[in-house]
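Colleague: I'm new to this one. Could you show me the model and walk me through a few residues?

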Amino acid sequence: QTPPAGGKSGLLGRLLGRESSAAPRRALDDDMLEQLEELLITADMGVDTALRVTANMAEGRMGKRLSAREIKELLAQEIARIMEPVATPMPLYPKKPQVVLVVGVNGSGKTTTIGKLASQFKAAGKTVVIAAGDTFRAAAVEQLQIWGDRAGVPVLTAPEGSDPASLAWDAMAQAERDGTDLLMIDTAGRLQNRADLMEELSKIVRVIRKKDETAPHNTLLVLDATTGQNALSQVETFQKLADVSGLVMTKLDGTARGGVLVALADKFGLPIHAIGVGEQIDDLAPFDPEEFAAALTG
Ligand code: GDP
């Protein structure tokens, strides 16, 4: 049997799977575009972005007869075009400490991502300290300490239930005193009570600005790729709660729903600094638009 033209698991495998490479070319017509749109929507790209991608594909090519490979390449090219402007690593500044506030809902992978990032920064020769700002969840603090140990980076903690802003203040003081390069501050992710969370986050920001009016230098929003379209509403919510400067998308290993990244890039244009591709400390990769587009369309 001939293997599917687009690969087994990729988007186009499903649409073009029955066609061998020797199959006749198909016309890029309304019918084909509709099928493509449907596929993109199934992959969590959202209606608006799916329509934009297919419209771009069709531009100047309507009625053209294309092979399965050509369709796949065109699609990948259009996706990569949307993703390229947002693929930027987290900017580093000469500031000491550079303050990185990490926000996101519980379970999105904040703790894991902080550990992975700390490990990468350390490997790059930076000194790093982590503040366990989710003081209401003892388990969160413990988890972060485990990740700090793995990364070989100290984790500053405060008693359970204490004010995260006061921990942030102490952490700033210590990082300044020690000349630490990077201070990463974990935060709570309880969206159930937005007013409280907003107050908590803005208090942390107020306090660190008293020490350094340019801080926080980065506000990273951690998103779970497996939540699909939910990620879009999380960006909207957190943009109201904090001044989000960039995204880390976790759990991109083993999900067929990566299409939401395209929707995010198209809608918000926020930089995607890194992607989580597993549960181990080294499973954080730079975001590569072409590789991503090829994998998605596969
Ligand atoms: P937090 O509540 O936001 O701090 O989330 P955690 O960092 O504790 O992560 C929640 C779960 O997601 C844990 O079981 C992690 O191992 C898992 N996780 C985090 N990032 C990734 C990733 O990139 N890939 C996979 N497969 N699992 C991840």
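Predicted model: local features only at pLDDT ≥ 70, side-chain atom pairs only at ≥ 80, totals over all residues.

Colleague: Is Ser108 buried or exposed?

Modeller: Residues are numbered from 1 along each chain as its sequence is written, and side-chain values use heavy atoms, leaving out hydrogens and water. Buried means under 20% relative accessible area, exposed over 50%, and partly exposed in between, with a 1.4 Å probe and protein chains only. Ser108 has a relative accessible area of 2%, so Ser108 is buried.

Colleague: Which backbone oxygen does the side chain of Ser108 reach?

Modeller: Ser108 sits in the loop between β3 (98-103) and α5 (110-123). Its contacts (heavy atoms within 4.5 Å) beyond four places in sequence include Thr250 and Lys251. At 2.8 Å, the oxygen reached by the Ser108 side chain belongs to Val105.

Colleague: And Asp253, how is its accessibility classed?

Modeller: Asp253 is in the loop between β8 (246-250) and α10 (259-268). Its relative accessibility is 36%, so Asp253 counts as partly exposed.

Colleague: Which backbone nitrogen does the side chain of Asp253 reach?

Modeller: Leaving out residues up to four places away in sequence, Asp253 touches Gly276, Val277 and Gly278. The side chain of Asp253 comes to 3.3 Å from the backbone nitrogen of Gly278.

Colleague: How far apart in space are Asp253 and Ile281?

Modeller: In sequence, Asp253 and Ile281 are 28 residues apart. From C-alpha to C-alpha, their separation in space is 14 Å.

Terms used. Helix = DSSP H or I, 4+ residues; strand = E, 2+ residues; numbered from the N terminus. Polar contact = N/O pair within 3.5 Å; in protein donor to acceptor, adjacent residues only side chain to side chain.
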